[in-house]
Amino acid sequence: MKKLEYKVDVFTGIRPSGGLHIANVIGSVNTIVTLQKKEEIGRPMVFVADLHALTDAEPKDTQKNVIEVVKDYIALGLDPKSCDIFIQSELIEEISGLNLYLSRLITVSELLRVPTLKEKIKKNMEVSNASVLLAMYPIMMASDILLQKSKFVPVGQDQQAHIEIARYLARKFNKAYGETIPVPNILTLGEPERIKSLSGDGKMSKTNPSGAILLDDPIEISLSKIKKAQTAFAGEMTDSLDSLLKIGKFVANEDEKEKIEEIVKRHMNGGNVMGEFKQVLSVAMQRYLKDFQEKKSKLSDSEIFKIVQDGGKIAKENAKETIKEVRKSMQFEYIS
Ligand code: TYM
């Protein structure tokens, strides 16, 4: 079997559907920042998924949000000098092309079985009013990933089924047309993350801001959400408390982490210590958000345009090369 080469070591994207929340960071961006610090990965590539935002119920302020997400990536610790950042719609031709080629390799019923789509249909829509683009969501994700020949894709648990589809489509393509596209892998630091909403109803998400710590919100708002956050009765561990502890350990410094460990022990022994925990969490969160917001406020729109222009050139070049190879394998390349 031909050995296929990856082009991008670590690759991920975020939809510009409003401000980022802390679970986006824990679920994906932090994996890259942590591994990059330890010099354990090659040059990462990240992007803003503005085409995927078209599947949001009411996409608004997309252009402004795209710039915000790029600033978020940088303020969260991705150094634009050692990472490529681009905007998805800059690659519309290549993505549309690969979408079409990949679409013949997956059935409508396979797409309807994708858990995220099933969940959406159960919650707030029916098949009769779900757009074709929504059903194609995982195919478009596969195109993003496969066009860049990505090796590792760090995402939260909610996106894992989509990465499985990208793997499935890469394998199916190679089987049908010969070895062309390397199969990507899911990347997590430990267990795949699924941070719960602070209000206890489902996962933390942009569509339920009352249960989300939004990075751009005034800090007092986030602190008041922590005050009201669901925890657990003394001696019990719940998913809500587990998520809150993960958030706490993520924003805490070493001393605070030790303190949290010690509080958890007392909690499991029946101590009434959730107020104390929330206090440590609030101090750590306040510092984390202040630092993030300060870093972000120093970034100008013009420097962001330059960064995405440079990143876009690299992503476009990769995508063009992949499409050329794909077309050749499919015997669609008439002129050499
Ligand atoms: P998006 O914008 O919904 O989320 C961005 C990242 O945040 C993670 N995430 C979470 N992780 C843990 N707990 C949560 N509650 C939580 N909520 C969100 C997501 O898993 C994701 O990693 N479809 C993608 C964007 C995309 C993409 C791609 C990603 C488009 N093409 C190709 C990777 C590769 C999305 O909507 O993410």
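Begin by selecting Val108, which counts as exposed because its relative accessibility is 62%, where exposed means over 50% relative accessible area, buried under 20% and partly exposed in between, with a 1.4 Å probe and protein chains only. The model on your screen is a predicted one, in which local features need pLDDT of at least 70 and side-chain atom pairs count only at pLDDT 80 or more, while totals for chains, interfaces and linings use all residues. Residues are numbered from 1 along each chain as its sequence is written, and side-chain values use heavy atoms, with hydrogens and water left out.

Val108 lies in helix H4, residues 108-112; helices here are DSSP runs of H or I with at least four residues, numbered from the N terminus.

**The salt bridges.** A salt bridge is a side-chain nitrogen of Lys or Arg within 4 Å of a carboxyl oxygen of Asp or Glu, and by this rule the count comes to 23. Select Lys316 and Glu93, whose side chains meet in a salt bridge at 3.1 Å, N to O. This pair links distant parts of the chain, since Lys316 is in helix H13 (residues 301-329) and Glu93 is in helix H3 (residues 92-103), 223 residues apart. Glu93 counts as exposed, at 52% relative accessibility.

Next, select Glu262 and Arg266, which form a salt bridge of 2.8 Å, N to O, and which both lie in helix H11 (residues 254-268), four residues apart, about one turn of the helix. Glu262 is partly exposed at 34% relative accessibility, and Arg266 is partly exposed at 32%.

Then move to helix H10, where Lys246 and Asp242 are separated by about one helical turn because they are four residues apart; their side chains meet in a salt bridge of 3.5 Å, N to O. Finally, select Glu68, Asp72, Asp216 and Lys296 together, which are linked in a network of salt bridges.

**The second largest pocket.** A pocket is an open set of points, on a 1 Å grid over the protein atoms alone, with protein on both sides within 12 Å along at least five of seven lines, whereas a cavity is a set where a 1.4 Å probe fits but cannot get out; lining residues have an atom within 4 Å of a point. The second largest pocket holds about 520 Å³ of space, a volume being the space filled by probe spheres set on the grid points, which are joined across faces, edges and corners. Of its 21 lining residues, select Val33, Lys37, Leu76, Phe250 and Tyr288, which lie nearest its centre. Helix H1 gives the most to this lining, with seven residues.

**The cavity.** Which residues line the largest cavity? Select Lys196, Ser197, Leu198, Ala229, Gln230, Ser240, Ser243 and Leu244, and you have its lining. The largest cavity has a volume of about 40 Å³, and a search of the whole structure finds one cavity of 30 Å³ or more.

Notes. Helices (H or I, at least four residues) and strands (E, at least two) are DSSP runs, numbered from the N terminus.
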